[in-house]
Amino acid sequence: MSNFEKVETNRLILREFIEADIQGVYQYASDPDVSKYEPWGPNSLKQTEEFVRICIEYQHQKDRVDFELAVIEKSSNKLIGACGLHISDKGNREGWLGYVINKLYWRKGYGTEIAEKLLDIGFNEFKLHRIYATCHPNNLGSEKVLQKIGMKKKDA
């Protein structure tokens, strides 16, 4: 699979980013609460524009390994976050996943829904052997998501 037209879960649509997504991304990426445990942010509008530009560039990779997708809530048709599946080692069939959600949509099970779908795509579409995820030790919400989808904590 080299492109995602649209992937659906019960309540969400995961789709490629488009330029019109910049404001929706900026809404969560500029929030200090959302970026608290991230290696980025809070982002300026210019940083947000650059992120969306990079995501659009990923769509044109020849042997694509980076899939960064917009997360759309079906009921409102609003962009509520982003998620990614990245193939880090094709030879060993390994990849990693990530997700970020606007805080207005926290504690609704969306993180779990996203992560489960990314695992499904990684294992079944891309035939990956191992998928990793990381989260900051204090990010208990994300840690719970990773536990719910069956990931095992690796001691450092």
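The model is predicted: local features need pLDDT of at least 70, side-chain atom pairs count only at pLDDT 80 or more, and totals for chains, interfaces and linings use all residues. Residues are numbered from 1 along each chain as its sequence is written, and side-chain values use heavy atoms, with hydrogens and water left out.

**Exercise 1.** Find how many residues of strand S4 are buried.

Solution. Strands (E, at least two residues) are DSSP runs, numbered from the N terminus. S4 covers residues 78-89. Buried means under 20% relative accessible area, exposed over 50%, partly exposed in between (1.4 Å probe, protein chains only). By that rule, 9 of the 12 residues of S4 are buried, so the strand is largely enclosed by the rest of the structure.

**Exercise 2.** Trace the strands that pair with S4.

Solution. Two strands pair if DSSP finds at least two bridges between them. Start with S3, residues 66-73: 8 bridges join it to S4, and the two run antiparallel. Here Asp 66 stands opposite His 86. Their hairpin has 4 residues between the strands, and Asn 77 takes a positive phi near 60°. Now take S5, residues 94-101: 8 bridges join S4 to S5, again antiparallel. Ile 87 has Gly 95 as its bridge partner in S5. In this hairpin, also with 4 residues between the strands, Arg 93 takes a positive phi near 55°.

**Exercise 3.** Count the disulfides, then check Cys 55.

Solution. A disulfide is a pair of cysteine sulfur atoms within 2.5 Å. The structure holds 0. For Cys 55, the nearest cysteine sulfur belongs to Cys 83, 10 Å away. Cys 55 is buried, at 0% relative accessibility.
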